[in-house]
Amino acid sequence: MCGIIGIVAQERVNQALYDGLTVLQHRGQDAAGIMTCDGDRLYLRKDNGLVRDVFHTRHMLRLHGNMGIGHVRYPTAGCESSAEAQPFYVNSPYGISLAHNGNLTNAVQLKQDLFREDLRHINTDSDSEILLNIFAHELLRQGKLEVSAEDIFGAIEAVHRRCRGAYAAVAMVTGYGIVAFRDPFGIRPLVVGERSGAGGVKEYAFASESVALDVLGYQLIGDVAPGEAVIATLDGQLHRRVCAADAQYATCIFEFVYLARPDSIIDDVSVYKARLRMGEKLAAKIRREWPEHDIDVVIPIPDTSRTSALELANNLGVKYREGFIKNRYIGRTFIMPGQQQRRKSVRQKLNAIDLEFRGKNVLLVDDSIVRGTTSGQIIQMAREAGARRVYFASAAPPVRYPNVYGIDMPTREELVAYNRTVEEIAEVIGADRLIYQDLEDLVRAVQKGNPRLARFDTSVFNGEYVTGDVDESYLQHLEDVRNDAAKAARRSADEEVIELHNTA
């Protein structure tokens with residue numbers, strides 16, 4: 001999961017890019033970067049850390065130009081060094097930079113092809129650098145001294161033929177404009193907006209979520225469609241074309257469950273409204289399967305589950321209360337390295353209000369359960385606060401399979417729901433009763449916002465990967481690089497390199 005933004009305007013865009021990345025910070029807290037273009041000169045600042053920590057006044061002053069792209073990242077299968085912070089850049093042809101959200105499932109083969117056939121060197125473990133070089137090579141094959149929209153569309157068609165997996169990207173062509181494109185399934189989100197600039201010339205912005213456009217004063221035009229490329233040029237022109245055969249919507253449904261902000265609109269679906277409907281569906285399941293429930297109060301686990309929990313309580317006719325206060329300066333726990341750090345962070349992240357728990361049968365509501373580490377600790381906190389019985393509800397179905405499309409979820413063995421029944425999961429996390437959303441109800445909750453969305457990527461729940469190229473060997477490879485032991489080994493190696501550098 002990453003956040004991307006691109007802006008073509010009639011004035012300096014450095015501050016707008018910074019503000020947009022700040023709004024998208026929830027999509028990546030590991031690294032941030034901005035590249036701007038002023039005539040034929042490019043300016044770059046990127047590093048590990050939050051947006052506010054990476055960009056200081058001296059950096060912002062050097063980001064000249066009225067066109068630029070930005071990125072916030074957390075690492076997936078690659079290493080966690082600052083070398084993999086985005087945007088990436090290649091000088092040939094034209095000078096192209098790129099920021100990418102997603103994951104290429106055939107990255108290993110593409111890297112080999114780039115070296116053996118295209119004679120291009122990849123310097124990092126990031127599949128985003130691979131995607132950039134594929135696009136650059138295909139554009140170079142057009143053989144033009146000056147680039148045109150037709151050349152770019154032709155290159156994107158070739159990108160779709162060669163690349164598999166999930167990719168929403170913004171690429172900046174020096175002195176020309178920005179091209180935004182999305183994989184043929186539209187797995188990761190990407191939107192486009194416009195506003196009038198100086199002299200009535202149109203200005204355009206692209207972002208992972210519509211909330212970034214809202215904050216910057218752009219009117220949402222809509223989504224970049226699956227397989228589509230949208231080009232915004234410096235002279236205010238917008239060109240669009242679907243460049244992939246058999247393009248179809250299969251948006252990642254986990255965007256609506258957890259990843260996106262509630263005030264965003266993705267593929268014409270309000271995330272907030274979708275989460276309201278998730279609460280309705282969950283309440284209906286409780287009434288159906290547990291009509292004689294003894295729930296005294298519904299308490300959300302901040303922040304993502306609040307919308308669903310409130311609607312669930314309203315539909316059940318049960319009190320809704322805020323029982324946990326959140327420290328907003330602690331990151332999302334399911335992407336933190338190592339179980340020990342996750343356990344520590346939950347206690348730092350949440351504090352219980354004893355009065356809302358004491359002597360009550362409490363239904364805790366969360367958006368999902370991934371490892372179960374956080375859920376188990378929160379249930380224990382509720383008991384320590386005096387709850388008589390602690391029930392737990394998830395607005396999403398059991399997460400039983402890893403994500404291969406850009407979300408750094410744990411390996412199968414590290415998922416609490418893998419090879420366990422609901423009763424067994426309840427025992428592991430310490431809940432008196434556990435209620436999961438049904439997958440069919442989750443799909444309906446999102447689909448009601450846009451009936452044209454006939455399909456979603458629901459692979460983390462049912463193991464069905466929409467790109468059709470994910471097999472057991474791929475999953476095993478992913479587990480080898482994603483498990484906590486492998487990540488700890490990479491961090492240790494990075495620390496040794498830093499120590500050697502500092503003592504040299």
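The following paragraphs describe a histidine in a helix and then a strand with its partners. The model is predicted; local features require pLDDT of at least 70 and side-chain atom pairs count only at pLDDT 80 or more, while totals for chains, interfaces and linings use all residues. Residues are numbered from 1 along each chain as its sequence is written, and side-chain values use heavy atoms, with hydrogens and water left out.

Helix H5 spans residues 127-140 and contains His-137; helices (H or I, at least four residues) and strands (E, at least two) are DSSP runs numbered from the N terminus. With a relative accessible area of 12%, His-137 is buried, where buried means under 20% relative accessible area (1.4 Å probe, protein chains only). Apart from neighbours within four places in sequence, His-137 is in contact (heavy atoms within 4.5 Å) with Asp-118, Arg-120 and Arg-162. The side chains of His-137 and Asp-118 are also joined by a polar contact of 3.1 Å, that is, a pair of N or O atoms within 3.5 Å, one able to donate a hydrogen and the other to accept it; residues adjacent in sequence count only if both atoms are side-chain atoms.

Strand S21 (residues 361-366) is largely enclosed by the rest of the structure, because 6 of its 6 residues are buried. One side carries Asn-361, Leu-363 and Val-365, and the other Val-362, Leu-364 and Asp-366.

Strands pair if DSSP finds at least two bridges between them. S21 pairs in the parallel sense with strand S17 (residues 297-300) over 4 bridges, and Val-297 stands opposite Val-362. S21 also runs parallel to strand S22 (residues 389-394), joined by 6 bridges, with Asp-366 opposite Ser-394.

Terms used. Buried < 20%, exposed > 50% of the residue type's maximum accessible area, 1.4 Å probe, protein only.
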